[in-house]
Amino acid sequence: MQQDCADPDFWDVRYASGVMPWDSADVPEDFQRFARTKGAACRVLVPGCGSAHEVKQLLDQGCQVDAIDFSIEAVTRAKASLGQHAGCVQQADFFLLPERQDYDWIYERAFFCALPMGRRAAYAHKMASLIRQGGVLAGFFFLAESPKGPPFGVTMEVLQQLLSPWFELLAMSKVEQALPVFAGGEHWLTWQRL
Ligand SMILES: C[S@@+](CC[C@H](N)C(=O)[O-])C[C@H]1O[C@@H](n2cnc3c(N)ncnc32)[C@H](O)[C@@H]1O
């Protein structure tokens, strides 16, 4: 199997063979609760969307959603599940997105932990370039001492160092019903763009 997670092939092979231990095939409660606080017309980006299970709720609420993934297998899955709304899913590399700074919310789920550790600084910088002042980077982060991955765990201290030049941490809670691959380390974090 392809071993370089910076390469879309790494993910294509796993989606094509159904080896997706990160995919809970549901819409997590923490997400639902947070999403309900967002009004219609909220602009949301879902990077590394995978199967994009959460997108339908956002669309039903009237949000404007861009869901992207650089794996064509993931994009094909997401489009198939979204049917008439498939147009909001695109194949794209997060790091090559135009710097538009107008998203109200970027939803994180198993994306940061899927990146090679050498891309973390670029992730923080890119997030800052995409979210408007007062907007949020909010979702699930894998807080753990696990340098082998993916998923690559991160400590809160390192995450603070990466994000604090642009973001303030507003909320943090541990997820009790995490998938085995994230057990004990999954947290909902809300970071507000300064
Ligand atoms: C662990 S999966 C998580 C998928 C989804 N968020 C979920 O929770 O089910 C990581 C996803 O990020 C995608 N990905 C990794 N690097 C990416 C990049 N630079 N740009 C876009 N997508 C990327 C992979 O293709 C994969 O679908």
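1. Residue numbers start from 1 along each chain as its sequence is written. Because the model is predicted, local features need pLDDT of at least 70 and side-chain atom pairs count only at pLDDT 80 or more, while totals for chains, interfaces and linings use all residues.

2. The ligand is surrounded by 21 residues (C-beta atom, placed from the backbone, within 6 Å of the molecule). The closest are Trp-11, Gly-48, Gly-50, Ser-71 and Ala-114. By class the shell has 13 nonpolar, four polar and four charged residues (nonpolar: Ala, Val, Leu, Ile, Met, Phe, Trp, Tyr, Cys and Pro; charged: Asp, Glu, Lys and Arg; polar: the others, Gly among them).

3. In helix H1 (residues 8-17), Trp-11, Arg-14 and Tyr-15 are the buried residues. Helices (H or I, at least four residues) and strands (E, at least two) are DSSP runs, numbered from the N terminus. Buried means 20 or more other C-beta atoms within 10 Å of the residue's own, exposed 12 or fewer, and partly exposed in between, with C-beta atoms placed from the backbone.

4. Gly-18, with a positive phi near 70 degrees, follows H1.

5. Two cis peptide bonds involve Pro-150: Gly-149 to Pro-150, omega near -5 degrees, and Pro-150 to Pro-151, omega near 5 degrees. Pro-150 lies in the loop between strand S5 (131-142) and helix H6 (156-163).

6. Ala-41 has a positive phi of about 75 degrees and counts as exposed, with 10 C-beta neighbours inside 10 Å. Ala-110 has a phi near 55 degrees and counts as buried, with 23 such neighbours.
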